[in-house]
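I begin with the structure itself and then go through the entries one by one.

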Amino acid sequence: MSGRTMARQVLVLFFSLVSFSSVRAQVTYSVPEEMPRGSVVGNIAQDLGLEIKRLKSGKAHIFTSDSAEHIELNRDRGLLLIKEKIDREALCGQTTPCALHFQIILENPMEFYSVTVEVTDINDNPPDFKKNDMKFKISESAVPGVIFVLETAVDPDVGMNGLQSYSLHPTDHFTLKLQKQADGEQIVEMVLQKSLDRENKEQMTLVLTALDGGDPQLTGTAQIHVTVLDANDNAPVFTQKVYKTSITENTAIGTAVIKVSANDADEGSNSKISYSITNTEGVIPELFQVSETAGDLKIIGQIDYEKSHRYQIHVQARDEGGLTDRCKIEVDIVDINDNSPVIQIMSKLNMIPEDSKPGTVITMINVQDPDSGENGKVYCTLNENVPFTLKSTSNNFFSLVTDLNLDRERDSEYNISIKCADEGVPSLSSSITIPIQITDVNDNAPVFEKSSYEASVLENNTPGLSIFRINARDADQNQNARVSYLLEDSSINGVSVSSYVSVMADSGVVQAVRSFDYEQIKEFRFCVRAQDGGSPPLSSNVTVRIIIQDQNDNAPQILYPVQTGSSPVAEMVPRSADVGYLVTKVVAVDVDSGQNAWLSYKLLKVADRALFEVGAQNGEIRTIRQVTDKDTVKQKLTVVVEDNGQSPRSATVTVNVAVADGFPELLSDLTDFTQDKLHNEDLTFYLILALAAVSFLFIMSLIAIISVKCYRWRRERLFYKSGANLPVIPYYPPLYADVGGTATLQHTYNYDVCRTTDSRKSDLNFLKPSSQSFMTLDSSGAQTLPRVHGERLIHEELEDQQKPPSADWRFPQNQRPGPSGAAATPEVAVGTGPWPNPPTEAEQLQALMAAANEVSEATNTLGPGTMGLSTRYSPQFTLQHVPDYRQNVYIPGSTATLTANPQQQLLQQQQQQQLAPQQALPPPQPLATQPEPPKAAQTPASKKKSTKKEKK
């Protein structure tokens, strides 16, 4: 084709298709054959109205029903190009028009366009004779007009480029005659126009030329060799000029189709006829064969209706003399259903997201059945229970689309079986299986295994302890199923929950951040969020309850009796107490819970186990036998309180019990007990202080001795001068002070010189030294005070006046102290004047009580109503049953002032008012020397007391 100009016509035809929306239009192009590779067929992008980027994004490609690909698509330019040279004759043969049909497929969204490329013929093939030499034997007796059928030439080209005419040279004896059949085929006949003379010329050679109509014109030649024979004047004649028959396709080879017959009027060898097929082109010589002698037409090849529906076979009858005749056999092929539908996938998606909407195109297929009629009609079906359906887009084109919503968690993969069957009898079918993967989208939130979680942890745990693990599952896949655990922000008792626990993001393990204390918090709740890794992420929450379990980490605490380091607590038991007498009750608590808080009581140390016992469950201390005189007054009980924990803890308390019938018996022992305890406590301190200050004391001791001696010397002189005028009041208790105003000295001065007689531990406070500025003696021997100093002393006395007595100390008139408990009489004012009788046992006990009260006040443990004795569980003994032995008694160092009655207080106030304007003390009145009263007889109580003192 090089050096020749070729014309190319492009015809674009658009038309609408009443079909599925994925088919848009059809385009037709026309190109000549034998175009070189890479030649442009047409601008498909422009003709379809598509942009270049659409061809690229849609991955446009060509789909053909056969494997041959003559056209290719250039997506970058939008052009259809020749992929390989197209030979129209090889592609279509004599069929016109010759066209290529294919589809252009686009994806996302899925579309396809039908394209037809018509291949036009060019004169590239000359006419050709299958046999270049034809031989004829003609009798010389042949008359002019005798016809000899010549072999025709074959030109693969069509139209004007095909075979057009023949020429014969030389034309001395013969001429050519052309006959055109109804089917367009030409028969070339050589007609004898001049008689032959064997004797003149026995052999003749003619040249037959076949010419086409192309430009330039091409020719083909064949030589005809004529041998002149002796005369044979009758030619064979067929009984029918046209024979017709029909056979089904796939008829077995060797089957006789039809029989032809010809007759020859000659005799001898000139009447012997032979039959042959004159068709030299196509597939007829490969499919049919005629018997040379009998004229039977048989099948020698595979008959296929899909290749040809009809065959025309030309049969020649020839005698020995060379005379011939011809006939035509028309064989119609009957179609049978021998082809199954052919399913071809035009385009498909291997994966589709699960959120695809119904109607999404997944795959497009083309189904072809070469059979005809009902045998070529096909229908397709899908397997059941799949969310897909098939829709017919055009003739024999189907689209597989989604019919329902997809769910990867339910079905992650589908194997879709498409079955296509024809309507022949019997029906033939074929099927294909298309696997489709459903890709995941994040449409499922994590789900916890439980609606709520609950876990327990022992208190006093180590920080970082893994308590338990929560677990959530996500039905999605890959990153969408990756679950992370987050602690929701909240507060517990005003503190962020993150300071209590933490959650591992990847594993969901809940860890303790701090050490828990059951006594502070017993349980708490918080929320944990499980979040997947999708975009956007989905999450769900769960409530977690942490219960703190108690451990035995707290010892019992003693609530009663209260233990202090300054004074002991004593419980008094009368010697007349019955068995089971409640002494006291030890009250204890344990802040732990459960069995860790179950308390039991037992005695650890007791002087006499046979006297007391403690309740194991209630802590009550009771007597288990009668008290006897052999039981000691002071008894110390050590009670152990123990809990019921795994590792039990305990606490101890010491209970001092005093066994006595009355208060006087108890007082001495209690005082000694208190002094011993205080003495032991202060001993260590004094030893250390003495070691540290020994050098200082040694130096200061000399100065102190000299100062004390000087002070005593002056004091002795002062009292020596005034000693004759001081009254002597015999038989007074050592701590007694007259407040009635009847004594020689006024109350104020008698108050100042009263001192405790306790020989164990007391401080001696001296008055300020007398001097000329403080006290002077007049010429009569009376001592006077300056006005200023007198007023100062009165003022100091008023400031030091004690608080009003408690109502608990006020007793009826018959219980007030007096001479041997005598009642008050009108002649003697209550609480005034000296006692007329010697001191009684009550008065002696009063002095002892004053000493004990001083010790109790120093330790701050004795109250005005109990004398340091607990009455919680021993109400049998109170001071209401004891006579008031402290009437008119002043206890140095104490803030409690005991008065007899309101009349006595009124008398004291009147004396103070009278004393205020005085400038000096009144002169003392002389008193008669009173005889020494006899000592009171000893009582059993006083004997017992004296016996104890002797033992000490």
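Does arginine 529 count as buried, partly exposed or exposed, and at what relative accessibility? I worked on a predicted model, and there I found that arginine 529 counts as partly exposed, at 21% relative accessibility. I noted that glutamate 488 also counts as partly exposed, at 21% relative accessibility. Arginine 529 forms a salt bridge with glutamate 488, and the closest N and O atoms are 2.6 Å apart. Since arginine 529 lies in strand β43 (residues 523-532) and glutamate 488 in the loop between β38 (483-487) and β39 (491-492), the pair ties together parts that are 41 residues apart in sequence.

I next looked up helix α2 (residues 52-57), where arginine 54 meets glutamate 111 of strand β7 (residues 111-120) in a salt bridge of 3.4 Å, N to O. Both glutamate 111 and arginine 54 are buried. Lysine 56 forms a salt bridge with aspartate 76, with 3.8 Å between the closest N and O atoms. I recorded lysine 56 as partly exposed, with a relative accessible area of 45%, whereas aspartate 76 counts as exposed at 56% relative accessibility.

My search of the whole structure finds 19 salt bridges, and I also wrote down a network of them that links Arg88, Glu89 and Asp121.

Last, I turned to aspartate 592, which lies in the loop between β48 (587-589) and β49 (599-605). Aspartate 592 is buried yet has no salt bridge, and the nearest side chain of opposite charge, arginine 649, is 6.0 Å away. I did find a polar contact of 2.9 Å between the side chains of aspartate 592 and asparagine 554.

Key: Residues numbered from 1 in each chain as written. Predicted model: local features only at pLDDT ≥ 70, side-chain atom pairs only at ≥ 80, totals over all residues. Heavy atoms only, no water. Helix = DSSP H or I, 4+ residues; strand = E, 2+ residues; numbered from the N terminus. Buried < 20%, exposed > 50% of the residue type's maximum accessible area, 1.4 Å probe, protein only. Lys, Arg positive; Asp, Glu negative; His and termini not counted. Salt bridge = Lys/Arg side-chain N within 4 Å of Asp/Glu carboxyl O. Polar contact = N/O pair within 3.5 Å; in protein donor to acceptor, adjacent residues only side chain to side chain.
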